[in-house]
Amino acid sequence: MREDFVFHILNDQYAKLLELAERCPADGRNKVPDGFNNSIHWHIGHVLVSTEFHIFYLSGNMQAMTLPPEYMAYFGYGTKPSDWLNEPPTWETLIEQLKVQPDQLREWLKDRLMQPVKDNFFSAETFGGLVVSTALHASNHVGNVSAMLKALK
């Protein structure tokens, strides 16, 4: 897989998510509209956490993870804001991390996209496959956030 292609897909989904986040009113960030399980704040954090999980944990490279471990308790699979016991990372912090994550990944994965990874639930065989899979996952959250913004109106 060509590096430009792989990271274009990821960057495109992140740009869409950031654009939607920008449109989210401050008083809507932590609301959970009827019919939804999570807030937009949660979706932003979840994309960050799941991207690192998909690429680093699933490849067996956990030492490369950059987000604080406590993020998993807030934004990992199966979590929801109603279970939060403490204040999660701020919206602003998550947005800044979302802005830089694709470049950090590109730097870390430079010239490694064809490197094999261990068996994983995506059935991705390489780092490039993991990046594409996580971009598809982010796309799902772009759709959820878009629907939530409409529901919040």
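The model is predicted.

**Helix α2**

Helix α2 covers residues 40-57. It has 18 residues. From its first C-alpha to its last, α2 reaches 24 Å, close to the 26 Å expected at 1.5 Å a residue. The helix is mostly covered, with 17 of its 18 residues buried.

Two packed helices are described by the angle between their axes and the distance between the axes.

| Helix pair | Axes come within | Crossing angle |
|---|---|---|
| α2 (residues 40-57) and α4 (residues 91-109) | 10 Å | roughly 20 degrees |
| α1 (residues 3-23) and α2 | 11 Å | roughly 160 degrees |

Take α2 and α4. Their axes cross at roughly 20 degrees, so α2 is roughly parallel to α4. The crossing of this pair is left-handed. On the α2 side, the contact is made by Ile40, His41, Ile44, Gly45, Val47, Leu48, Thr51, Glu52, Ile55 and Phe56. From α4 come Trp91, Leu94, Ile95, Gln97, Leu98, Gln101, Leu105, Trp108 and Leu109. By class, this contact of α2 with α4 has 13 nonpolar, five polar and one charged residues.

Now α1 and α2. Their axes cross at roughly 160 degrees, so α1 is roughly antiparallel to α2. The crossing of α1 and α2 is left-handed. Tyr14, Leu17 and Ala21 of α1 make the contact with Ile44, Val47 and Thr51 of α2. This contact of α1 with α2 has five nonpolar residues, one polar residue and no charged residues.

**Buried residues**

Gln101 sits in helix α4. Is Gln101 buried or exposed? Gln101 has a relative accessible area of 2%, so it is buried. Not counting residues up to four places away in sequence, Gln101 touches Tyr14, Val47, Leu48, Thr51, Glu52 and Leu67.

Phe53 belongs to helix α2. Its relative accessibility is 16%, so Phe53 counts as buried. Which residues does Phe53 contact, leaving aside its neighbours within four places in sequence? They are Leu58, Met65, Tyr77 and Phe121. Take Met65: Phe53 and Met65 are twelve residues apart in sequence and 8.0 Å apart in space, C-alpha to C-alpha.

**A partly exposed lysine**

Lys16 lies in helix α1. It is partly exposed, with a relative accessible area of 39%. Lys16 and Ser146 are 130 residues apart in sequence. In space, their C-alpha atoms are 9.5 Å apart.

**Two loop residues with positive phi**

Most residues other than glycine have a negative phi. Asp111 has a positive phi of about 65 degrees although it is not a glycine. Asp111 is in the loop between α4 and α5 (127-152). With 71% relative accessibility, Asp111 counts as exposed.

Where is Ser123? Ser123 is in the loop between α4 and α5. Ser123 is not a glycine, yet it has a positive phi of about 65 degrees. At 59% relative accessibility, Ser123 counts as exposed.

Conventions:
Residues are numbered from 1 along each chain as its sequence is written. This is a predicted model: local features need pLDDT of at least 70, side-chain atom pairs count only at pLDDT 80 or more; totals for chains, interfaces and linings use all residues. Side-chain values use heavy atoms; hydrogens and water are left out. Axes are lines fitted to C-alpha atoms, for helices over the stretch in contact, and angles run from 0 to 180 degrees between N-to-C directions. Helices (H or I, at least four residues) and strands (E, at least two) are DSSP runs, numbered from the N terminus. Angles under 35 degrees count as roughly parallel, over 145 as roughly antiparallel, 65 to 115 as roughly perpendicular and the rest as oblique. A crossing is left-handed if the near helix is turned anticlockwise from the far one by less than a right angle, and right-handed if clockwise. Contact means heavy atoms within 4.5 Å. Ala, Val, Leu, Ile, Met, Phe, Trp, Tyr, Cys and Pro count as nonpolar, Asp, Glu, Lys and Arg as charged, and the others, Gly among them, as polar. The expected span of a helix is 1.5 Å times one less than its number of residues. Buried means under 20% relative accessible area, exposed over 50%, partly exposed in between (1.4 Å probe, protein chains only).
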